[in-house]
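Here are some friendly notes to read alongside the model. Please keep the sequence and the structure open as you go through the points.

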Amino acid sequence: MTLPNGPQTLPLLQMLHWIARPFSFMDACARKYGDIFTVPLSKNFAPVVFVSNPQALQQILSSDSKEFDAPGDTSLNQLFQPFLGEHSVITLSGDRHRRQRQLLMPPFHGERMRTYGELISNITEQIISQWKIGQPFAVRDSMQAISLRVILRAVFGLTEGPRYQQLEELLNSLLNVTSSPLSVSMLYFPILRQDLGPLSPWGRFIRQKQQIDQLLYAEIQERRDQLDSSRTDILALLMCARDQADELMTDVELRDELMTLLLAGHETTATAITWALYWIHKLPKVRDKLLQELDCLGDHPEASAILRLPYLNAVCSETLRIYPIGMLTFPRVVKSPCELIGYQLDPGTVLIGSIYLTHQREDVYPEPKQFKPERFLERQFSPYEYLPFGAGSRRCIGMAFAQFEMKIVLAKILSRFEMALADNRPVRPLRRGLVSAPSSVRLVLNGQRSESSQKPQLSSSNV
Ligand code: HEM
């Protein structure tokens, strides 16, 4: 076997670099070793081959390939286990993974998403109506509040009430506990996971997770006791979903999948909208062009009209290209000896698609560090050149949901307010937990846009 070359420094140093500065780590490796390289991240992990060559990614990720597997017991998937449990689609492998995907995917189908248009629009209105003219605000906090509410309502069907409020607070706090590089180290280094009481980082995490579990199980139990066939939330659909053996999901499976959808779907989408608002206000030409497009919508646009706007779509695509929130695909593992762009790989070799490095290829995206939505109007990219949601057997289940939410929220905010960046501080991509996010984006509200140009008041008949 000939593994591709890669950095030779101590694995521990590489791991610390990867945890503290993942983008600079990947850039440095790509500069030196090209679009496929091997990283021995630490003694706990098998060496990982990072791939950003589209031809190789196609071979690895195309779902009909017999040479690769996408197991849930790799060390990367298992990083999520403390949050998600053993029955999450992310931590399962083989037939059980396929079963869970089949059960989870129907509620996330593109067409179904439209049911949630009015909900997303109303929640956005609730949050942005609290913004005050002239007062700078942290964009991420507001976007996180929107996306958490959207998930709690759309996925759980929860409305105001003590359980809803407790879950909102606990989930926010759990994510904040695990977002710093120090906390991420607890996930990468099991030895740091010591429960030294409620004030210790791991102790706090365990206790918050227990409280969240109690609330989730109470909700599932209540729903089983009071079956209501008129509900359209995702939990209601999952509770009636049957697998090929005609089996329903158990309570533990439901709990683990709810947690998966909450954690996978809420921060990622909030971060994507935060980045989009940053680029739109950083680049006046982008903002002007977007407003022109939005102003052409009628007074009560249908959600589907917003979804189809070509420039808004290009801005969202470019946002997810330049600094992808999921920097990597989940690992794929070689099943039988195979050749990958000239390398002979043995069974067991772990491969990861570097979504970030693929999106930074000069040959596919000239001037890759420049934010240029036009590239998405000028040409189409293959699913292995542009893959912010991964590809193949583990492609993101919430892709349509996230794209839909991004567009509705952006259309609503931009049509309603005149805003500007609150300062000129450079904004950099950083690690936030197991994904990435911008350092700090602050906007200031300069005023309302004129009445005539405030469009998105979604037409309820079409959402
Ligand atoms: C902008 C927002 C989002 C981004 C950038 C994103 C990105 C990704 C990526 C890169 C993967 C790994 C794919 C692979 O390995 O091939 C993934 C998997 C996944 N995503 Fe998302 N995601 C987003 C939003 C969501 C939402 C809204 C949900 C659900 C509510 C969701 C649920 C999932 C799940 C369940 C998986 C695991 C699929 C599996 O293991 O089979 N994501 N996502």
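1. A word on cysteines to begin. A disulfide here is a pair of cysteine sulfur atoms within 2.5 Å, and the structure holds zero of them. Buried stands for under 20% relative accessible area, exposed for over 50%, and partly exposed for what lies in between (1.4 Å probe, protein chains only).

2. Some ground rules. This is a predicted model, in which local features need pLDDT of at least 70 and side-chain atom pairs count only at pLDDT 80 or more, while totals for chains, interfaces and linings use all residues. Residues are numbered from 1 along each chain as its sequence is written, and side-chain values use heavy atoms, with hydrogens and water left out.

3. Cys396 sits in the loop between α19 (375-378) and α20 (399-416). Helices (H or I, at least four residues) and strands (E, at least two) are DSSP runs, numbered from the N terminus.

4. Now the shell around the ligand. It is made of 28 residues, with His97, Arg101, Phe330, Arg394 and Cys396 the closest; a residue is near a molecule or strand if one of its heavy atoms lies within 4 Å of it. Helices α6 (94-104), α14 (251-282) and α20 each give at least two residues to this shell, and α14 provides the largest share, seven residues. By class there are 16 nonpolar, eight polar and four charged residues. Nonpolar covers Ala, Val, Leu, Ile, Met, Phe, Trp, Tyr, Cys and Pro; charged covers Asp, Glu, Lys and Arg; the others, Gly among them, are polar.

5. Oxygen atoms of the ligand deserve a close look. A polar side-chain atom of His97 is 2.7 Å from a ligand oxygen. For Phe330, a polar backbone atom lies 2.8 Å from an oxygen atom of the ligand. With Arg332, an N or O atom of the side chain is 2.9 Å from a ligand oxygen.

6. On to charge pairs. A search of the whole structure gives 30 salt bridges, each a side-chain nitrogen of Lys or Arg within 4 Å of a carboxyl oxygen of Asp or Glu. One of them joins Glu267 and Arg140, whose closest N and O atoms are 3.8 Å apart. This pair links distant parts of the chain, with Glu267 in α14 and Arg140 in helix α9 (residues 139-154), 127 residues apart. Glu267 is buried at 7% relative accessibility, and Arg140 is buried at 13%.

7. Arg223 pairs with Asp233 in a salt bridge, closest N and O atoms 3.2 Å apart. Arg223 lies in α12 and Asp233 in the loop between α12 and α13 (234-240), so the pair ties together parts 10 residues apart in sequence. Both residues, Arg223 and Asp233, are buried. They also belong to a network of salt bridges that links Arg163, Glu219, Glu222, Arg223, Arg231 and Asp233.

8. Finally, Arg224 and Asp251 meet in a salt bridge of 2.8 Å, N to O. The pair connects α12 with α14 across 27 residues.

Key. Polar contact = N/O pair within 3.5 Å; in protein donor to acceptor, adjacent residues only side chain to side chain.
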